[in-house]
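User: I have a model open and want a quick tour. Can you take me through the contacts, then the rest?
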Amino acid sequence: MNTKLKGPKDFKASSELLSADSSSAENFKQTFQLFVEKEGYSQDSVHNADESGLLWKALPKKSLASCQEHAARDLKVSKERVTIMTCANTTGTHKLPLLLIGKSKKPRCFKNFKSLPSNDHHKTGKVLLDNAPTHPSTEVLNFIDPDYQVMFLPPNVMSLIHPMDQGVIEKFRRMYRKQMLRKLLLNLGTEESVVAFSKLLNLKHCCYMAANAWDNLTEKNL
C-alpha cells in the first residue's frame, strides 16, 4: 500500500473517513428514502443545510498576494472568522440565502445600512441537517414553521453521506477567495496597498462577496 499523508489536512480527512460509521450511513439512507416516499416528498422539496467556518479576511495561501501578506510590515495573517450556513435542495435548483453569523452584535460597517444581498424565493418541504449539538431539537425546529420538517443525520456519517460536505462548501470557499482576490488585484500596486486592503476590508464586504460566491454556484455544482 503506497498511501502518503502530506500534512494535517490530509490526516484530518483520513481520520474522518476512518471514524465514519458506514453501517449507520447505509441504515439512515434506507430509512430516509422510505420516509421520503411515504410522505410524498419530491427531490425539489428535500433540502440539506450545513454550517461551516470561514476565515473571511485571510488571503489565498498560494498567490503572490499571500507572499506579500506574510512579508508586509504591520500585517499579520488574519484569523477573523464568521460562521456560514448553506442550504439547497436535492436537485440543485433552489438555494436558500446564506446565513452568516459574526462576533459583533452591531458592526459599525452596518450603521445606517438597511439591507443586504438576499433572495426571497422560498419553498416548503423537508430540511436535512447534521447533528451538531448546538442545534435545537427537531421538536423545537419543527414547531417553528409547520411548512418545514427537520431531520438530523446520525453521528459519524458526515464524510460519507452529508451532501454539503461532499464538495459544495469547499467550492463555495474557493468562489469566495476568487471574489476576494479579484477585489485585491484591483487595488494591488505596492506592499502598502496590500496592508490598506486588509485594514479596509469589513464585514459588509464579506457579506457581499459571500453572497456573490453562493450565487455563482451552479445547479451542476450542487
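User: Start with Phe-172. What does Phe-172 touch, not counting residues up to four places away in sequence?

Analyst: Phe-172 touches Leu-54, Ile-84, Leu-98, Ala-210, Ala-213, Trp-214 and Leu-217, with residues up to four places away in sequence not counted. Contact means heavy atoms within 4.5 Å. Before going on: this is a predicted model, where local features need pLDDT of at least 70 and side-chain atom pairs count only at pLDDT 80 or more, while totals for chains, interfaces and linings use all residues. Residues are numbered from 1 along each chain as its sequence is written, and side-chain values use heavy atoms, with hydrogens and water left out.

User: Where does Phe-172 lie, and is Phe-172 buried or exposed?

Analyst: Phe-172 lies in helix α6. Helices (H or I, at least four residues) and strands (E, at least two) are DSSP runs, numbered from the N terminus. Phe-172 is buried, at a relative accessible area of 0%. The cut-offs: buried is under 20% relative accessible area, exposed is over 50%, partly exposed is in between (1.4 Å probe, protein chains only).

User: How far apart are the C-alpha atoms of Phe-172 and Ala-213?

Analyst: They are separated by 6.0 Å, with the two residues 41 apart along the chain.

User: Now the core. Which residues have the most contacts inside the largest nonpolar core?

Analyst: Leu-54, Trp-56, Val-82, Phe-172, Tyr-176 and Met-180 have the most contacts there, and this core has 25 residues. Elements giving it two or more residues are β2, α6, α7 (191-200) and α8 (203-215). The largest share, seven residues, comes from α6. A second, separate core has nine residues, including Phe-28, Phe-32, Met-151 and Leu-153. For the term: a nonpolar core is a set of buried Ala, Val, Leu, Ile, Met, Phe, Trp, Tyr and Cys residues joined through side-chain atoms within 4.5 Å.

User: What is Leu-54 in contact with, leaving aside neighbours within four places in sequence?

Analyst: With those neighbours set aside, Leu-54 contacts Glu-80, Arg-81, Val-82, Ile-84, Phe-172, Arg-173, Tyr-176 and Arg-177.

User: And Ser-52? Which side chain makes a polar contact with the side chain of Ser-52?

Analyst: The side chain of Arg-173, at 2.3 Å. A polar contact is a pair of N or O atoms within 3.5 Å; within protein, one must be able to donate a hydrogen and the other to accept it, and residues adjacent in sequence count only if both atoms are side-chain atoms. Ser-52 sits in strand β1 and is buried at 13% relative accessible area.

User: Switching to charges. How many salt bridges are there?

Analyst: The count is three. A salt bridge is a side-chain nitrogen of Lys or Arg within 4 Å of a carboxyl oxygen of Asp or Glu. Lys-29 pairs with Glu-26, with the closest N and O atoms 3.2 Å apart. Glu-80 pairs with Lys-57 at 3.6 Å between the closest N and O atoms. Arg-174 and Glu-170 meet at 3.4 Å, N to O.

User: How are Lys-29 and Glu-26 placed in helix α2?

Analyst: They are three residues apart in helix α2 (residues 22-39), so about one helical turn separates them. An α-helix has 3.6 residues a turn, so residues three or four places apart point the same way. Lys-29 is partly exposed at 41% relative accessibility, and Glu-26 is partly exposed at 40%.

User: What about Arg-174 and Glu-170? Where do both lie?

Analyst: Both lie in helix α6 (residues 168-187), four residues apart, about one turn of the helix. Arg-174 is exposed at 57%, whereas Glu-170 is partly exposed at 38%.

User: Back to the remaining pair. Is Lys-57 buried or exposed?

Analyst: Lys-57 is buried, with 11% relative accessible area. Its partner in the salt bridge, Glu-80, is partly exposed at 35%.

User: Last topic, α8. What covers the buried residues of α8?

Analyst: The cover includes β2, β3 (99-101) and α6. Among the buried residues of α8 are Leu-203, Met-209 and Trp-214. At the start of α8, a side-chain oxygen of Asn-202 reaches to within 3.0 Å of the backbone nitrogen of Lys-204.

User: And the whole chain? How many helices and strands?

Analyst: Eight helices and five strands. Buried residues make up 35% of the 222 residues.
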